Amino acid sequence: MDAATGEISGPAVPSPPPSAPAETRPPRSVWLKRSISSWYGIAALGQLAFIGFILIYYGGRTLSGDWAAWDEKPLIEGYVADDTSGNLMFIGHVLLAAVMTLSGLLQLIPALRRSLPAAHRISGRVFAVSACVLAISGLWLTWVRGTQLSLVSGVAISLDALLILIFVALAWRCALQKRFAEHRRWALRSFMVANGVWFLRVGIMAWVLLNQGPRGMNETLSGPADIVLVFGSYLIPLAILELYFLAQSAGSRRFTVFTSGTVAVGCVITLVGVFGTVAFMWGPYL
């Protein structure tokens, strides 16, 4: 009997036990960050290997005076007899690529940007200037010296060079105007297109290993697979970067999961390609 109301009370109903804590799962944005960090780690190892190859293979032969040995590696004709200006342009282009690659890697380290902003600015300027010089010298080597393997590869290189010049200019302008969010985006776009040569080598070896042979490829990089690779070497990474930007701004869970999965697939392909380039494209010539 309830003393206050006079109503008959039923038996006390025990309160339900506290629910077990839900399984904690990282938010989807964390998965996206982890996939991006994983890709950067793989790419950084591959690019450091690229820098090492340039310094040992081309740097060593240049210092020894055996410039003709540049051509021991197939496909690329670096040394041409009685073409001193062309040879100097070629080796300057190759060695500067190592500088650009290293400065680009430094730009993507958040801790450096936060704790050493002056070093970040210096490496950014080195990257921007070297990327533009490489774009212009690459155009000269392609169309004046004629080092392209085919018209397809020449057009792909030219489009890449044009994008490098445009993106670097936009990143620089945004930095001068202190629009740092836009600057970051254009700087990342510049990084993707400026590393097209590295992406191409990684893509070629990933394709060959995953298909167990050079299907759709030929020695002039003009086969159906070659066309996708020479243009995709910078357009595909650029497209994935744009997906990342959209995932950051859209806030859609499904889109974030999709982007994380896309980047994860890119991690696997990059890992296979880095292994292939080191094991079969660079290692045997060191």
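# A guided tour of the model

Begin by selecting Arg61 and Glu72, whose side chains meet in a salt bridge with 3.1 Å from N to O; the term salt bridge stands for a side-chain nitrogen of Lys or Arg within 4 Å of a carboxyl oxygen of Asp or Glu. Arg61 belongs to helix H1 (residues 28–64) and Glu72 to the loop between H1 and H2, so this pair ties together parts that are 11 residues apart in sequence. The helix labels follow DSSP runs numbered from the N terminus, where helices are H or I runs of at least four residues and strands are E runs of at least two.

Before going on, keep in mind that this is a predicted model, in which local features need pLDDT of at least 70 and side-chain atom pairs count only at pLDDT 80 or more, while totals for chains, interfaces and linings use all residues. Residues are numbered from 1 along each chain as its sequence is written, and side-chain values use heavy atoms, with hydrogens and water left out.

Is Arg61 buried or exposed? Arg61 is buried, because its relative accessible area is 17%, and the cut-offs are under 20% for buried, over 50% for exposed and anything in between for partly exposed, with a 1.4 Å probe and protein chains only. Glu72, with a relative accessible area of 47%, is partly exposed.

The structure holds 4 salt bridges, and another of them can be found by selecting Arg189 and Glu242, where the closest N and O atoms are 2.6 Å apart. This pair links distant parts of the chain, since Arg189 sits in helix H6 (residues 180–194) and Glu242 in helix H8 (residues 224–250), 53 residues apart. Arg189 is buried at a relative accessible area of 11%, whereas Glu242 is partly exposed at 28%.

Next select Arg179 and Glu182, which also form a salt bridge, with their closest N and O atoms 2.9 Å apart. Here Arg179 counts as partly exposed at 28% relative accessibility, and Glu182 is partly exposed with a relative accessible area of 36%.

## Two loop residues with positive phi

Most residues other than glycine have a negative phi, and most peptide bonds are trans. With that in mind, select Lys178, which has a positive phi of about 60° although it is not a glycine. Lys178 lies in the loop between helix H5 (151–176) and H6, and Lys178 is exposed, with a relative accessible area of 62%.

Asp82 is exposed, with a relative accessible area of 82%.

## Helix H2 and its partner

Now colour helix H2 (residues 84–107) and helix H4 (residues 117–143), whose axes come within 8 Å and cross at roughly 145°; axes are lines fitted to C-alpha atoms, for helices over the stretch in contact, and angles run from 0 to 180 degrees between N-to-C directions. By class, the contact of H2 with H4 has 14 nonpolar, 11 polar and no charged residues, where Ala, Val, Leu, Ile, Met, Phe, Trp, Tyr, Cys and Pro count as nonpolar, Asp, Glu, Lys and Arg as charged, and the others, Gly among them, as polar.

Staying with H2, select Leu102, which is placed in this helix and counts as partly exposed at 40% relative accessibility.

Select Ile51, which is placed in helix H1 and counts as buried at 10% relative accessibility. The C-alpha atoms of Ile51 and Leu95 are separated by 8.8 Å, although these residues are 44 residues apart along the chain.

The last stop is Asp226 in helix H8, which is buried with a relative accessible area of 0%. From Asp226 to Val268, 42 residues apart along the chain, the C-alpha atoms are separated by 20 Å.
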